[in-house]
Amino acid sequence: MRIRIVDAFTDRPFAGNPAGVLLLDAFPDDAWLQNVALEVNHAETAFAHPLPESGDADWALRWFTPATEVDMCGHATLATAHVLHSTGVTRGPVRFATRSGVLVATPGEDGSLTLDFPTAPLTEEPAPAGLAEALGAEPLSVRDTGPSVGDLLVELADEKTVRALTPDHKALVDLSRRGTIATARAEDPAQGYDFVSRCFFPGVGIDEDPVTGSAHTALTPFWAERLGREELTGLQASARSGLVRVALRGERTLLTGRAVTTIEGELHA
């Protein structure tokens, strides 16, 4: 079967967030899926198969890190939609049946793809004991992001603080169900982005994720309220870096980006 590595939320190779993508006839057993994800060894590997035409979705979609299956993944969904469109398998919007409900990916005339995801519910809470020490920075505020995302959203003082983080990943593991999102307002919005973030998920085998679509379902309502605008651009300031254009639509968040296939080959397992 064909296996592809796609860099998501970027328009050039070797940037954004790489994801493995396999299009299947049906899902094999979970152990095989997990082994393939471990072999690929990127933050996520997406597995998809077509569904009957009469249903509410076109493809079934699942996501696995090297360590576990996850409930939601934006960049691997973008990567899967990119493969479906770039290979001519489908045209127009694609509906994916997932653990987080039906997620839709719609192609734009400029070659981008827009994902329609549920907006994360945010609940302000006190910073858990040890968070400042684990991150290496003092939080300004902390939000729980709800069951689908499962992260702590941590606001820090400024962009420089976010960029300079060197967290204790082991210490972060027990502070949230999935991981920690660190964010701050952009120092200079004239650079083309409104806020910055970095995402740390050591509990699911990813010390730092390069560009995290699901995290932006929480970042979007957080910064929309603060900045007074529903359409924003986020920069995930990892080593690979990536831009996510976002739009808050009430209970839904739109995530727009591009993707590039960097590797295509045969899987013989």
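# Reading a predicted chain by its cut-offs

Guide: S176 touches G150, D151 and L152, leaving out residues up to four places away in sequence. The model is a predicted one.

Visitor: What makes these residues contacts of S176?

Guide: Contact requires heavy atoms within 4.5 Å. G150, D151 and L152 are listed as touching S176, so each has a heavy atom within 4.5 Å of one in S176. S176 itself lies in the loop between α6 (169-172) and β12 (179-185).

Visitor: Is S176 buried or exposed, and how do you know?

Guide: The relative accessible area of S176 is 17%. Buried means under 20%, so S176 counts as buried.

Visitor: Which backbone oxygen lies by the side chain of S176, and what makes the pair a polar contact?

Guide: The backbone oxygen of G179 is 2.6 Å from a polar atom of the S176 side chain. The limit for a polar contact is 3.5 Å between N or O atoms, so a pair at 2.6 Å is within it.

Visitor: Where is T10 found, and why is T10 called buried?

Guide: T10 is in the loop between β1 (2-8) and β2 (17-23). Its relative accessibility is 9%; the cut-off is under 20%, so T10 is classed as buried.

Visitor: What does T10 touch?

Guide: Leaving out residues up to four places away in sequence, T10 touches A15, G16, R258, A259 and V260. A polar atom of the T10 side chain also lies 3.2 Å from the backbone oxygen of R12.

Visitor: Why is D116 called partly exposed?

Guide: D116, in strand β8 (residues 113-118), has a relative accessibility of 25%. Buried needs under 20% and exposed needs over 50%.

Visitor: What makes a polar contact with the side chain of D116?

Guide: The side chain of R252 does, at 2.7 Å. That distance is within the 3.5 Å limit. R252 is also among the residues that D116 touches, together with L103, V104, T253 and L254. As for G257, D116 is 141 residues from it in sequence and 12 Å from it in space, C-alpha to C-alpha.

Visitor: Which residues of helix α1 are buried?

Guide: In α1 (residues 30-40), W32, L33, Q34, V36, A37 and V40 are buried. The buried residues of this helix pack against β1, β2, β3 (44-50), β4 (59-64) and β5 (69-70).

Visitor: What caps the N-terminal end of α1, and what follows α1?

Guide: D29 is the cap: one of its side-chain oxygens lies 3.0 Å from the backbone nitrogen of A31. N41 follows α1, and its phi is positive, near 60 degrees.

Visitor: What makes a set of residues a nonpolar core, and how many residues has the largest?

Guide: The members must be buried nonpolar residues joined through side-chain atoms within 4.5 Å. The largest such set has 49 residues, and W63, F96 and L219 have the most contacts inside it. Helix α2 (residues 74-86) gives the largest share of this core, six residues. A second, separate core has 19 residues, including A137, V162, A186 and V196.

Visitor: How do you know how many disulfides there are?

Guide: A search of the whole structure finds zero. C73 is in no disulfide, and the nearest cysteine sulfur, that of C199, is 11 Å away. A disulfide needs the two sulfurs within 2.5 Å, so 11 Å is too far for a bond.

Visitor: Are C73 and C199 buried or exposed?

Guide: C73 has 3% relative accessibility and C199 has 0%. The cut-off is under 20%, so C73 counts as buried and C199 is buried too.

Visitor: What is the secondary structure of the chain, and why is the chain called compact?

Guide: There are seven helices and 18 strands. The radius of gyration is 18 Å, close to the 18 Å that the globule rule gives for 269 residues, so the chain is as compact as a globular protein of that length. Buried residues make up 56% of the 269. The C-alpha atoms fill a box of roughly 50 × 35 × 30 Å along the principal axes.

Note on methods:
Residues are numbered from 1 along each chain as its sequence is written. This is a predicted model: local features need pLDDT of at least 70, side-chain atom pairs count only at pLDDT 80 or more; totals for chains, interfaces and linings use all residues. Side-chain values use heavy atoms; hydrogens and water are left out. Helices (H or I, at least four residues) and strands (E, at least two) are DSSP runs, numbered from the N terminus. Buried means under 20% relative accessible area, exposed over 50%, partly exposed in between (1.4 Å probe, protein chains only). A polar contact is a pair of N or O atoms within 3.5 Å; within protein, one must be able to donate a hydrogen and the other to accept it, and residues adjacent in sequence count only if both atoms are side-chain atoms. The radius of gyration is taken over C-alpha atoms; the globule rule is 2.2 Å times the number of residues to the power 0.38.
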